[in-house]
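Take a look at the model below.

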Amino acid sequence: MKQKSQNPLLRALVSSLLLIFFLSCVSGPSKSTAPFTLPPPNQDLPVTAFDEVWAYLVAGREFALDLSLPLTDIAYFGADVDSYGNLVGIPNFVNIAHFPGRKHLVAASTGRAVTYFILLEGRPEREALIRTLLEASAPYDGLQINFENVPPQSSGAYISFLRELRAGLRPDQMLSVAIAARVRTLQNDVYDYARILPIVDRMLVMAYDEHWSTSAPGPIASMGWSQRVARYALDTIGSEKLIMGLPFYGRRWGNLSPNMAFIHSGIETIMREEGITEVGRDNGVPHFRYSTQVDMTVYYEDEYSLSARLQMYRDMGVRSVGFWRLGQETPAIWPQIRVAP
């Protein structure tokens, strides 16, 4: 039998390599996200400080803006792009001129076909829209682009559109985007965080509508989902330009959607199941009425859920947050927020 090597240097090297391997297996990736532990509901809510606190304000609801609120930025919503590519509904800057913080004009385009049309490079409509956006945002401290339905074919055009706006804005003005929430990198993603990041000054990640009006009932932004969105955003955007968006609103779902069309056999099924025996006629057209029970499910945000999410974001390293929208919130949340000195 051969004698084992007694080289102490070799034994130390092997031991070190085994230790490194063991620790890597146990600890896992350095950026793993540990589950967030919610504070007890009866515990005093913490006051959470952020470098920037943004909030959307919808034109026509300026009464929701209270100058005592801990806000650094107002995103004034909003101008819209019509079917012909024109910027319409531009809010009047005078209405929020008294706000002491930064003021941003928000421009939205939600129609997929219209967005594709106005982003086409070389089109006069695009050139006119860029010119109008720059003119409309002149009194403001910044311009935010909120194009939520950019088709995949417009990915490059969307990026160049942002570049032209950045080049046209004054150096003292900010360009920001409201952008879809992601928990991982997607292939051929229109909203590729890494591509957009160098062009803009801020990226507001809309971390809401995890569940929406036509989905199954569920939280607008569950804690676990919000944590994954924030982790990905911090890893890809970084804390300097990131604004984590939070919802102030709730949603209601019913187990039955009553408004729909039926074929004749479907009508017969309803009449049989509901015991319909009386049928009236409206100028010859048959009709009947009946009542049925609808079970409703409601998810919403209160000061506890908002405060817990804010604390989670702060603990993760998020420096800026933004809310959709003023006037929808419980007033009890504001004492839990302050602007960092």
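Two strands pair if DSSP finds at least two bridges between them. Strands (E, at least two residues) are DSSP runs, as are helices (H or I, at least four), and they are numbered from the N terminus. This is a predicted model, where local features need pLDDT of at least 70 and side-chain atom pairs count only at pLDDT 80 or more, while totals for chains, interfaces and linings use all residues. Residues are numbered from 1 along each chain as its sequence is written, and side-chain values use heavy atoms, leaving out hydrogens and water.

Start with E3, residues 73–81. E3 pairs with E5 (residues 102–109) in the parallel sense, over seven bridges. Here Phe-77 has Val-106 of E5 as its bridge partner. E3 also runs parallel to E2 (residues 52–58), joined by five bridges. There Trp-54 stands opposite Asp-73. The pairing of E3 with E4 (residues 87–88) is antiparallel and has two bridges. Val-81 stands opposite Leu-87 in that pair. E3 and E4 form a hairpin, with five residues between them. In the turn, Gly-85 has a positive phi of about 85 degrees.

Now move to E6, residues 142–147, where Asn-146 sits. Is Asn-146 buried or exposed? Buried means under 20% relative accessible area, exposed over 50%, and partly exposed in between (1.4 Å probe, protein chains only). Asn-146 has 3% relative accessibility, so it counts as buried. Contact means heavy atoms within 4.5 Å. Leaving aside residues up to four places away in sequence, Asn-146 touches residues including Phe-77, Val-106 and Met-206.

E9 (residues 242–247) is largely enclosed by the rest of the structure, because six of its six residues are buried. Leu-242, Met-244 and Leu-246 point one way from E9, while Ile-243, Gly-245 and Pro-247 point the other way. E9 pairs in the parallel sense with E8 (residues 202–206), over three bridges. Leu-204 has Ile-243 as its bridge partner in E9.

Next comes the surface. Met-296 lies in E13, residues 296–299. Its relative accessible area is 42%, so Met-296 is partly exposed.

Last, check the confidence. The predictor's confidence in each residue is called pLDDT, from 0 to 100. The chain averages 91, and 90% of the residues score at least 70. Over residues 1–6, pLDDT stays under 50, and the model has three contacts for them beyond four places in sequence. Residues 12–32 also stay under 50.
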